[in-house]
Amino acid sequence: MALPPPTPLGGSSDLTADPAPATPSRPAPATPPLPAQADISREIAALHAAGERDRAAGAPAPEHPARDFAPYRSGALRHPHRPLVEIDHRADPEAVELRGPAFGVTDITDLDADLTRQHAGEPLGERITVTGRILDRTGRPVRGQLVEIWQANASGRYAHQRDQHPAPLDPHFTGVGRCLTDDEGRYAFTTVKPGAYPWRNHHNAWRPAHIHFSLFGSAFTQRLITQMYFPGDPLFPYDPILGSVTDPAARARLVAAYDHELSRPEWSLGYRWDIVLDGPSATWIEEGR
Ligand SMILES: [Fe+2]
């Protein structure tokens, strides 16, 4: 099965193509100015303070970032506004196909998990290994889980037509990979460290370096999407997507740990990141985006 095309979720879909040229009879409407970083940062701080007050008052911890997190401007028009539709497989027998196993070991090769070997040459950038375990709330491994990733190249550019910002594409890097978790719930990818990229949410908006993760359960209808970040990124305080996770402890769980034991001499740097599917230590997931 072919690898999926890089899907522009999170900030990347905001890297829109150039607008269509205006006709002489109907000039293009003026584009409103982008908000300033200071305005976005002030809104994030206020929402984090509100979350802190809620936690102090004993409010139950939210399991997902808010769909309408206002500083994440570009999410406002494309998040679901209505309740999700429940599929009744008894009323629609064909819907039962949605409940079948999605992938097996014969569908995926070892090469799918090595993003540095998908072309004739090797991509530019800092070669890294990213590994971790998928766990349930009690720490049990989730086996045979399809884990997919997509990411920008080392220059911060997606191999996607909607990403037109002036950073170079890498002919040796597509930026998508996948693997199945083993019996210990472990996944592993070899790739290059992605660069930060601009995304027009506001003036001078830059996403911290990140890798998008998708997890399929035992059916196509069971999909979780989240993002992994790299430790010590100076862009963390400015990013309304990471900031939409209002609990600082939950934000910290989205950041991988550098693991020197995982680094390989003369070859790659190692990062470790576990994903916990639910419970008090759950990794926050982008619900319904
Ligand atoms: Fe992204």
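I began with strands 2 and 7. Strand 2 (residues 146-150) and strand 7 (residues 210-216) pair in the antiparallel sense over five bridges. Two strands count as paired here if DSSP finds at least two bridges between them. Strands (E, at least two residues) and helices (H or I, at least four) are DSSP runs, numbered from the N terminus.

Before going on, I noted the ground rules. This is a predicted model, in which local features need pLDDT of at least 70 and side-chain atom pairs count only at pLDDT 80 or more, while totals for chains, interfaces and linings use all residues. Residues are numbered from 1 along each chain as its sequence is written.

Glu148 has Ser214 of strand 7 as its bridge partner. Val147 is bridged to Leu215 in strand 7.

I then followed strand 7 to its other pairing. Strand 7 and strand 8 are antiparallel and share seven bridges. There, His210 has Tyr229 of strand 8 as its bridge partner.

I checked cover on strand 7. Five of its seven residues are buried, so the strand is mostly covered. A residue is buried with 20 or more other C-beta atoms within 10 Å of its own, exposed with 12 or fewer, and partly exposed in between; C-beta atoms are placed from the backbone.

**The cores**

I turned to the nonpolar residues. A nonpolar core is a set of buried Ala, Val, Leu, Ile, Met, Phe, Trp, Tyr and Cys residues joined through C-beta atoms within 7 Å. The largest one has 34 residues. Among those with the most contacts inside this core are Val130, Val147, Phe213 and Tyr271. Strand 1 (127-135), strand 4 (186-192), strand 7 and helix 2 (240-243) are among the elements that each supply at least two residues of this core. Another core, of five residues, lies apart from it and includes Tyr158 and Trp199.

I listed the contacts of Val130. Neighbours within four places in sequence aside, Val130 is in contact with Phe189, Thr191, Ile211, Ala256, Tyr271 and Trp273. Contact means C-beta atoms, placed from the backbone, within 7 Å.

**Strand 10 and its partners**

I checked both partners of strand 10. Strand 1 pairs with strand 10 (residues 269-272) in the parallel sense over four bridges. Thr129 stands opposite Gly270 there. Strand 9 (residues 257-258) runs antiparallel to strand 10 and is joined to it by two bridges. Tyr258 has Tyr271 of strand 10 as its bridge partner.

**Loops**

I looked at Ser155 in the loop between strand 2 and strand 3. Ser155 counts as partly exposed because it has 19 C-beta neighbours inside 10 Å. Its C-alpha is 6.5 Å from that of Pro168, 13 residues away in sequence. Ser155 touches Ala167, Pro168 and Gly195, residues up to four places away not counted.

I searched for positive phi. Most residues other than glycine have a negative phi. Asn204 has a positive phi of about 60 degrees although it is not a glycine. Asn204 lies in the loop between strand 5 (197-198) and strand 6 (206-207). With 12 C-beta neighbours inside 10 Å, Asn204 counts as exposed. Glu266 also has a positive phi, near 60 degrees. Glu266 lies in the loop between strand 9 and strand 10, and is exposed, with 4 other C-beta atoms within 10 Å.

**Helix 1 and the whole chain**

I compared the span of helix 1 (residues 37-56) with expectation. Its 20 residues should span 28 Å at 1.5 Å a residue, and its end C-alpha atoms are 28 Å apart, which agrees. The expected span is 1.5 Å times one less than the number of residues. Gly58 follows helix 1 and has a positive phi, near 90 degrees.

The protein has three helices and 11 strands. Buried residues make up 28% of its 289 residues.

How values were computed: Contact = placed C-beta atoms within 7 Å.
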